[in-house]
Amino acid sequence: MVQSKNWTPELEGLRGFASLWVLLGHICLLTQCRIPLLYDPGMGVDLFILLSGYLMAKNYQDRAEREPWNSVNTWRMFWLRRFFRIAPLYYLLLFVALLFGAWFGEMRDMIASAWPTTATLSSRYADHSLMNILSHLTFVFGFIPEYSYRTVLPDWSIGLEMQYYLIFPFIMLIIMRFGFAISAVMLMLLCLAARWLLPDYFNAFPMPSMILIKLPMFIAGMLISQAIRHGQIRYMGLALLAPVVAWQMRIAENHLRLIMECLLIAGMTGLLWRPKKRTRLTELFTYPRHILTRPVSLFLGDVSYSVYLLHLMIVIPVIGLLVQYTAFSHLPSFVRFMAVTCICMPVTYLIACGLYHKVEKPGIALGKRVTGVPAAQPQREIS
């Protein structure tokens, strides 16, 4: 596979470790093993959001000459590319999730019987109503609190991602008019204002699936892209406003979450920063870059989307079956975590590898054919 000229392999590794973080974080939650940071899979999702903002802004600017921002055809191609990147695998696993929803709910109840604090409304997994199905097929479920969290899939963030795709061309038009810095601050303030004007609507979401809840982190990823492109650290400073805004919106649940989100932004900027003059600070990121560009890290990145969508369909049944044995639930929490991890990781990554090659890649290729991208211009798809 040929790399694009501006492809940054660290991004692929970051995406791989973000999906691994979410996988292990959910195992921690469902086995009640409180490993610091790992116990919060939402942080892994935040890293995905930063990467989405970064990559969309970077790719849109890279293509600006041949795909002008104010062209309707540019928007059409952008939306089609993103649809075929996300939809084929999502529709396949959505079908499986709905088909076996009642069984996943039973397994979830088994887990809750051992650890009541993990309980959730298991009947949501078996919602076969027309409204639930249509809202998921059309990706509008993220706007509707009642349907935003109604399958075994962690698809609240997939609906959120599709919302980013929907409004991104319009964000770029705003940036054309007002500039990157002013536009970023305006959009963050808009989210903050909406939170206080519509508190009941925001509070109704069981997960942050509505775009205004998580738009500041997406904007932060865009600002990181701008900082790297122009070598101006002030854009990273603006990106650090995003966790503060999220905290003010009461989305960042505590000060530790606020600090970790700031560290994610600063760390991602440092990893991607390529100053002309090497300093001690930039040397700190040499080893992490080395790790993120190893073949195993790139593999994790390749299958990250499949792993992310699939993993709960493996993790929940495995834990649900194990807790039926009293001895398992009485094991030390770290032993439970390691046992489930050793079972779920190989199975998840093996199936994800097959899905990547048999569903994701053909879907991407179909999207390129639909948008008229010549076959002679292969490009690693990382956004």
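Predicted model: local features only at pLDDT ≥ 70, side-chain atom pairs only at ≥ 80, totals over all residues.

I started with Glu261, which counts as buried at 2% relative accessibility (buried is under 20% relative accessible area, exposed over 50%, partly exposed in between, with a 1.4 Å probe and protein chains only). Salt bridges with shared partners tie Glu261 into one network with Asp40, Asp46, Lys214 and Arg257. For the record, a salt bridge here is a side-chain nitrogen of Lys or Arg within 4 Å of a carboxyl oxygen of Asp or Glu.

Residues are numbered from 1 along each chain as its sequence is written, and side-chain values use heavy atoms, with hydrogens and water left out.

I checked Arg257 against Glu261, and their closest N and O atoms are 3.5 Å apart. Both sit in helix H12 (residues 255–272), four residues apart, about one helical turn. Arg257 is buried too, at 10% relative accessible area.

Next I looked up Glu12 and Arg15. Their side chains form a salt bridge at 3.3 Å, N to O. They are three residues apart in helix H1 (residues 9–31), so about one helical turn separates them.

Then came Lys58 and Asp62, bridged at 3.0 Å, N to O. This pair is in helix H2 (residues 41–62), four residues apart, about one turn. Lys58 is buried at 11%, whereas Asp62 is partly exposed at 29%.

How many salt bridges does the structure hold? I get ten.

Zooming out, I find 18 helices and zero strands (DSSP runs numbered from the N terminus: H or I of at least four residues for helices, E of at least two for strands). The radius of gyration is 21 Å, close to the 21 Å of the globule rule for 383 residues, so the protein is as compact as a globular protein of that length. That radius is over C-alpha atoms, and the rule is 2.2 Å times the number of residues to the power 0.38.

I also noted that the C-alpha atoms fill a box of roughly 60 × 50 × 50 Å along the principal axes. Of the 383 residues, 55% count as buried.

Last entry, contacts (heavy atoms within 4.5 Å). Among those with a separation of 6 or more, 76% come from residues 24 or more positions apart.
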